[in-house]
Amino acid sequence: MNVANPEAISMKNLSCEIWYALGHNGKVPSVHNTVLFAGIKIADKIIPGRLPINEEQLIKLTTETTVSTYKLENMINFKPEYSVLAALGAEIKWAKNSGLI
């Protein structure tokens, strides 16, 4: 569960927030969708049925999937106080100070 953000956030936006929290500027490096989906099709022909994700799942992950605190809020009456960017910044600072990154 995403417990650090009061608003649902898409996976794409979450990756951008992580990129910026790590101190990077500009566009997040990524593979063009055409290349990504071609890669999945090729890999599925090479190792059919053994990929950890299929094209349909990838489309859902990259276009529909969000992370949200909704379930946790309802389960234990929890409401986050910080934005995802603030929480990521604090987590990254802790990891750096701990020598983890």
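Visitor: Leaving aside its neighbours within four places in sequence, which residues is Ile53 in contact with?

Guide: Ile53 is in contact with Ile40, Leu58 and Leu61, once neighbours within four places in sequence are set aside; contact means heavy atoms within 4.5 Å. Before going on, some ground rules. This is a predicted model, in which local features need pLDDT of at least 70 and side-chain atom pairs count only at pLDDT 80 or more, while totals for chains, interfaces and linings use all residues. Residues are numbered from 1 along each chain as its sequence is written, and side-chain values use heavy atoms, with hydrogens and water left out.

The score pLDDT is the predictor's confidence in each residue, from 0 to 100. Its mean over the protein chain is 82, and 94% of the residues reach 70 or more. Confidence is lowest in strand S2 (residues 66–67), with a mean of 74, and highest in helix H2 (residues 33–46), with 89. Helices (H or I, at least four residues) and strands (E, at least two) are DSSP runs, numbered from the N terminus.

Back to Ile53, which sits in the loop between H2 and H3. Its relative accessibility is 27%, so Ile53 counts as partly exposed (buried is under 20% relative accessible area, exposed over 50%, and partly exposed in between, with a 1.4 Å probe and protein chains only). From Ile53 to Val31 is 22 residues in sequence and 16 Å in space, C-alpha to C-alpha.

Two packed helices are described by the angle between their axes and the distance between the axes. Axes are lines fitted to C-alpha atoms, for helices over the stretch in contact, and angles run from 0 to 180 degrees between N-to-C directions. The axes of H2 and helix H3 (residues 55–63) cross at roughly 155° and come within 10 Å. H2 and H3 are therefore roughly antiparallel (under 35 degrees is roughly parallel, over 145 roughly antiparallel, 65 to 115 roughly perpendicular, and the rest oblique). Leu36, Phe37, Ile40 and Lys41 of H2 meet Glu55, Leu58 and Ile59 of H3. By class, this contact has five nonpolar, no polar and two charged residues (Ala, Val, Leu, Ile, Met, Phe, Trp, Tyr, Cys and Pro count as nonpolar, Asp, Glu, Lys and Arg as charged, and the others, Gly among them, as polar).

Another helix pair can be described in the same terms. Helix H1 (residues 11–21) packs against helix H5 (residues 84–97) at an angle of about 45°, with the axes 9 Å apart. That angle makes H1 oblique to H5. The crossing of H1 and H5 is right-handed. It is Leu14, Glu17, Ile18 and Ala21 of H1 that touch Val84, Leu85, Leu88, Gly89 and Ile92 of H5. By class, seven residues of the H1 and H5 contact are nonpolar, one is polar and one is charged.

Gly23 lies in the loop between H1 and H2 and is exposed, at 54% relative accessible area. Gly23 and Ile92 are 69 residues apart in sequence, with 9.8 Å between their C-alpha atoms. Glu81, in the loop between helix H4 (70–76) and H5, is exposed at 68%. Asn97 belongs to H5 and is exposed at 61%; from Asn97 to Gly39, the separation is 58 residues in sequence and 38 Å in space, C-alpha to C-alpha.

Key:
A crossing is left-handed if the near helix is turned anticlockwise from the far one by less than a right angle, and right-handed if clockwise.
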